[in-house]
Amino acid sequence: MKLTLPTLLGLLTASALAQPVDIESLLQQMTTEEKLGQLMQIGGDHQGFSDKDGMEMVRASQVGSTLGVRGAATVNRIQKVAVTETRLKIPILFAFDVIHGYRTIFPVPLGEAASFDLKGMEETAAAASREAYAHGVKWTFAPMVDIARDPRWGRVVEGAGEDPYYGSLVARARVKGFQRSGKVVACAKHWVAYGAAEAGRDYNTADMSERTLREVYFPPFKAAVDAKVGTFMSSFNEIGGVPASANRFTLTDVLRGEWKWDGVVVSDFTSVEELIKHGIAGTPAEACEAALNAGVDIEMVSRTYLKNGARLIKDGKLSQATLDESVRRVLRLKKRLGLFEDPYVPEGTQAANFLIPEHRQLARVSAARSCVLLKNDKNLLPYSKNVKSVAIIGPLGDSQQDMMGSWNGDGQKKDVTTLLAGVRARLPGARVTFVKGCPVHGVVTDFKTAVAAAKAADVVLLAVGEDADMSGEAASRTSIDLPGSQLALIQAIHATGKPYTVVLMNGRPLALGWVADKSPAILETWFAGTEAGNGIADVLFGDVNPSGKLPITFPRNLGQVPIYYNSKNTGRPWSGKKNEKYASRYLDVLNSPQYVFGYGLSYTRFAISAPRLSAATMDASSPLTVSVEVKNVGNRAGAEVVQLYIQDPVAGVTRPVRELRGIERVELAPGETRTVNFTLSRKDLLYWGPKGGWVADPGEVLVYVGNSSAATGKASFRYVP
Ligand code: NOJ
């Protein structure tokens with residue numbers, strides 16, 4: 001640690017405060033204005049505050065936390081004012097959107113979720129957290145745990161996909177990773193149902209039954225709570241007429257009452273003031289009243305609390321107890337993070353943390369494990385490393401910026417390995433050419449150079465997809481096709497008769513249509529981060545056997561949306577017969593998606609036995625074991641993600657046709673067999689009953705085990721309460 005002035009001051013403060021701070025006595029000393037200051041979060045960057053009055057506000061005890069202010073020296077400079085020049089010397093908590101990496105950028109969260117590698121996700125979150133801390137950031141606005149069933153919504157890229165069970169496992173892993181050091185706090189966002197935006201348009205209305213809310217949208221948040229997440233962010237959307245940032249049911253009844261969670265809720269960016277545009281508040285004062293009373297503790301950026309809180313208390317519209325409770329939560333969080341003892345961060349530790357080999361290696365492994373092999377006709381992949389020439393064609397083949405995805409912390413494009421650079425590094429002896437062919441957007445009709453490059457090469461890789469700005473916040477689309485002339489580019493290469501691999505780079509499920517039908521090989525690589533090119537090259541040239549699985553359904557076309565594996569049967573399920581009328585189906589497309597949830601190929605093959613159950617019945621106190629043998633029957637080492645689904649065919653309310661209840665990623669040498677055991681217990685059967693409350697019905701439960709949500713291995717048991 002470098003002994004700079006702020007560090008020294010930190011040590012001094014720490015020794016001066018030998019007694020841990022007593023939150024209650026601190027609260028008693030605070031004026032209403034100082035309390036409201038703790039609930040104010042203002043924005044900034046490396047330089048400091050974006051608001052001109054930021055520093056004055058700190059001096060006036062009007063800033064409790066910040067968003068985006070970062071850089072150890074900047075943070076310490078501001079912190080010094082807070083802890084030496086204000087009356088009560090309460091430290092500031094510095095937050096930032098550290099979503100999938102800080103300086104080392106890991107694959108976008110949806111991509112990383114495709115790895116089904118929970119340990120890996122915990123490690124990348126921990127690495128991001130270390131880098132963030134080295135830059136003064138002690139609060140990550142991640143993980144985003146919103147369930148997303150609509151690929152039009154650009155923010156599908158930020159979560160773990162469509163499934164509440166898997167989303168819960170990922171939420172837990174990420175929270176644990178971000179918070180591992182105990183010095184950084186994570187934020188489960190966006191509470192809640194933000195991903196259910198009508199028509200996939202960002203910020204749009206959501207409306208649903210309490211059952212869907214509880215069974216589909218709540219679970220990853222509950223998992224975050226169970227993993228001891230320190231903060232939540234309230235979302236922009238409304239749910240059935242009540243904006244999420246003023247929803248007392250979700251913010252207080254559920255979070256505090258049912259889940260007994262004592263963390264901090266921060267609003268999303270100006271979402272408190274936006275209650276006016278939502279139309280449930282006529283003035284900023286009414287917005288403040290609604291949000292604080294509902295349970296939003298900290299207001300991000302807008303200043304309705306700061307400006308109106310005191311007046312509302314005088315008028316009896318806000319109780320002192322409510323205000324105190326929010327402030328108590330904030331102070332408690334700061335205490336838990338050790339901010340009162342050591343408000344500063346060591347300076348000069350970036351070099352020891354940023355882009356260090358361990359983080360780069362994590363990023364590379366994660367990039368490779370995130371790849372999902374969608375198609376591989378005639379085992380075109382993997383390519384031999386002895387090839388003489390490779391043509392990389394397509395607008396994303398050498399785009400450093402796009403590989404970082406839509407959120408990229410303090411990532412810098414100069415650090416990024418593109419597909420071109422990765423393949424060149426992998427094959428030093430080969431001639432590797434690059435032709436852009438066309439831009440991501442816009443119409444091009446002449447593909448002569450691209451076609452010539454393809455004809456002249458042994459290996460042809462088409463790097464196509466979306467640019468990074470096409471997903472993420474405020475990036476909804478009404479088409480999920482490949483944009484611009486990229487399909488025409490693929491078709492022009494296809495016409496040469498030369499085999500090729502489509503290397504997809506995108507932040508949402510795409511409707512692949514012709515490509516899925518005709519292209520010989522497709523590798524989904526998402527936006528794979530700093531080590532994108534190296535990780536993808538590892539897969540293409542066989543050093544890593546792909547094991548990723550889709551965490552979200554890929555529809556055939558947008559008309560099928562919303563489409564997800566855990567749907568309902570309906571009273572008229574389609575039998576699949578060609579001319580069947582009056583069945584729940586389309587005239588012009590199959591009901592099935594292009595690629596189901598949980599799908600992904602490997603360079604080897606795995607045989608999974610039929611599931612065996614440890615007993616024919618289950619009761620409330622004794623769990624069941626479901627076992628399968630998984631064998632690598634090919635001739636390459638590889639990993640398979642074994643998946644267990646259940647179905648309750650007759651229940652008090654209709655149940656999904658399948659629900660994921662177990663995953664296990666197993667690595668197997670050629671010829672190796674492993675027994676995978678899953679445990680099922682009563683909690684796996686619970687659903688939100690017809691009269692409210694969690695229930696499990698007596699009767700038959702079907703079990704499916706396989707390597708996708710279309711698993712065919714089947715067994716059943718009876719649940720006897
Ligand atoms: C708005 C986004 O919805 C949220 O995810 C993010 O954390 C905040 N802005 C802060 O940047």
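The model is a predicted one, in which local features need pLDDT of at least 70 and side-chain atom pairs count only at pLDDT 80 or more, while totals for chains, interfaces and linings use all residues. Residues are numbered from 1 along each chain as its sequence is written, and side-chain values use heavy atoms, with hydrogens and water left out.

**The open sheet**

- Five strands, in the order 4-3-2-1-10, form an open sheet with parallel pairing; strands here are DSSP runs (E, at least two residues) and helices are DSSP runs (H or I, at least four residues), numbered from the N terminus.
- Two strands pair if DSSP finds at least two bridges between them, and, as a general point, strands of a sheet pair through backbone hydrogen bonds, either parallel or antiparallel.
- Strand 4 (139-140) and strand 10 (299-300) stand at the edges with a single partner strand each, so one side of each is left without a neighbour in the sheet.
- Strand 1 (residues 40-43) runs parallel to strand 10 and is joined to strand 10 by two bridges, with Q41 standing opposite M300 in strand 10.

**Two buried residues**

- G120 lies in helix 7 (residues 118-134), and because its relative accessibility is 16%, G120 counts as buried; buried means under 20% relative accessible area, exposed over 50%, and partly exposed in between (1.4 Å probe, protein chains only).
- Although G120 and R369 are 249 residues apart along the chain, their C-alpha atoms are separated by 9.2 Å.
- T553 sits in the loop between helix 23 (532-540) and strand 17 (606-608), and it counts as buried because its relative accessibility is 3%.
- Leaving aside residues up to four places away in sequence, T553 touches E162, P509, I563, Y564, Y565, P593, Y595 and F597, where contact means heavy atoms within 4.5 Å.

- Within helix 20 (residues 448-455), the residues A450, V451, A453 and A454 are buried.
- Seen down the axis of helix 20, these buried residues fall within an arc of 160°, so they line one face of the helix; the arc is that of the directions from the helix axis to the C-beta atoms.
- The buried residues of helix 20 pack against strand 12 (389-393), strand 13 (431-435), strand 14 (459-465) and helix 21 (486-494), whereas the face turned away from the buried side carries the exposed residues K448, T449 and K455.

**Salt bridges**

- The structure holds 46 salt bridges, each being a side-chain nitrogen of Lys or Arg within 4 Å of a carboxyl oxygen of Asp or Glu.
- K414 and D415 meet in a salt bridge through their side chains (3.6 Å, N to O); K414 is exposed, with a relative accessible area of 59%, whereas D415 counts as buried at 11% relative accessibility.
- K448, which has a relative accessible area of 62% and is exposed, forms a salt bridge with D446, their closest N and O atoms being 3.7 Å apart, and D446 is partly exposed at 46%.
- R477 and E466 also form a salt bridge, with the closest N and O atoms 2.8 Å apart; R477 counts as buried at 12% relative accessibility, and E466 counts as buried at 0%.
- Salt bridges that share partners join E24, R256, D297, E325, R328 and R329 into one network.
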